[in-house]
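Keep the structure open alongside the text.

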Amino acid sequence: MTSRRDFIKKSAFASAFVIGGLPKLGKSEPLTRSNDAVRKPIVLSTWTHGKPANDAAWKILSAGGRALDAVEQGVMVVEADPTNLSVGLGGYPDRDGHVTLDACIMDEKGNCGSVAFLEHILHPVSVARMVMEKTPHVMLVGEGAYQFALANGFKKSSQEMTAEVKEAWQKWQTANNYQPTIDKNNHDTIGMVAMDTNGDLSGSCTTSGVAWKMHGRVGDSPIIGDGLYVDNEVGAACATGLGESVIKICGTHLIVELMRNGKTPQQACEEAIQRIAKKQSNYKTFQVGFLALNKNGDVGAYSIGKDFNYALAVNGENKLYDSDYLVKE
Ligand code: SD4
């Protein structure tokens, strides 16, 4: 997990700056611009694994493809990485030893699909897309989601827990007496938001959830308005971190509504984190990070604690940035 924290500081963008009449923004806000040209295509996604995900998304966006295809293909790269400990079947299991996956996707028309508590499927985001496109529903969970996947051509994966993951799980059980943990480090969902050359927005989010969760627990990631929200009139946002905390404030829906009311993506992310701090007294014990994108191609990123980073691809360049954060001590 440490390698995902091994982010690159982009010193060129690290200094704070002020733009026309807006309050001073955080140091990591690299790309709110003083000119009004819409910046597209553009894609941003959480954590270091966002970089290869953005590369895959960029192939589609730069060829004039649809943001929806980009955000699906992008996060699939991370789902398919067997060494990733927080996304896909390589992820840490729940406390009973089951790897259960949550994912969702949302397009420019407000269509959305989601799966939760899904086992044995390599690409939950694609099942979520199929729920969106082939059913009258938004969300399928557990065995029902699994049967739907099989009925629609997905295969049961034979991927098993690696020895490394099994060892970490066994160690956790001993050290934590089988109690679910709130931790700053047992997560790292991929959330991705993108705007294509048409100016249309889409987003995706996929995770194995917080490590060592109770069996059956579902976090924010597959819940529309929590782990992900897209409104093509306004912008899009995605979340990472402790899902329970994000759910309590309807995090990404809140951010999109704040942008609708005139906040920049950066201001909206900061206000959502401040809302958590105000309402959840133990906020210093866990991590939440938000990313946001508006129709102008401005981006925002903010987290409770340090070490949240994200990848941003725009103008043909895909780079990692460290997010600004609330708790500085
Ligand atoms: C969840 N938000 O299940 C996810 C955890 C995560 O980065 O990995 N976030 O609560």
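Start inside. The largest cavity in this predicted model has a volume of about 70 Å³. How many cavities of 30 Å³ or more are there? The count is 1. Lining the largest cavity are 12 residues. Those closest to its centre are Gly209, Val210, Arg217, Asp220 and Ser221. By class, the lining divides into 8 polar, 3 charged and 1 nonpolar.

Now turn to a helix pair. Two packed helices are described by the angle between their axes and the distance between the axes. Here the pair is α2, residues 67-79, and α3, residues 124-134. They pack at an angle of about 150°, and their axes are 8 Å apart. Angles over 145 degrees count as roughly antiparallel, so α2 is roughly antiparallel to α3.

Which residues make this contact? From α2 come Leu68, Asp69, Glu72, Val75, Met76 and Glu79. From α3 come Pro124, Val125, Ser126, Arg129, Met132 and Glu133. The contact of α2 with α3 divides into 6 nonpolar, 5 charged and 1 polar residue.

Lysine 40 and proline 41 are joined by a cis peptide bond. Its omega is about -5°. Proline 41 sits in the segment before β1, which covers 42-46. Tryptophan 47 is found in the loop between β1 and α1, a helix covering 50-62. Its phi is near 65°. That is a positive value in a residue other than glycine.

Finish with confidence. The mean pLDDT of the protein is 89, and 87% of its residues reach 70 or more.

Notes: Residues numbered from 1 in each chain as written. Predicted model: local features only at pLDDT ≥ 70, side-chain atom pairs only at ≥ 80, totals over all residues. Heavy atoms only, no water. Axes fitted to C-alpha atoms, helices over the stretch in contact; angles between N-to-C directions. Helix = DSSP H or I, 4+ residues; strand = E, 2+ residues; numbered from the N terminus. Parallel < 35°, antiparallel > 145°, perpendicular 65-115°, else oblique. Contact = heavy atoms within 4.5 Å. Nonpolar A, V, L, I, M, F, W, Y, C, P; charged D, E, K, R; others polar. 1 Å grid on protein atoms, 1.4 Å probe; cavity = no way out; pocket = protein on both sides within 12 Å on 5 of 7 lines; lining within 4 Å. Points joined across faces, edges and corners; volume = space filled by probe spheres on them. pLDDT = per-residue confidence, 0-100.
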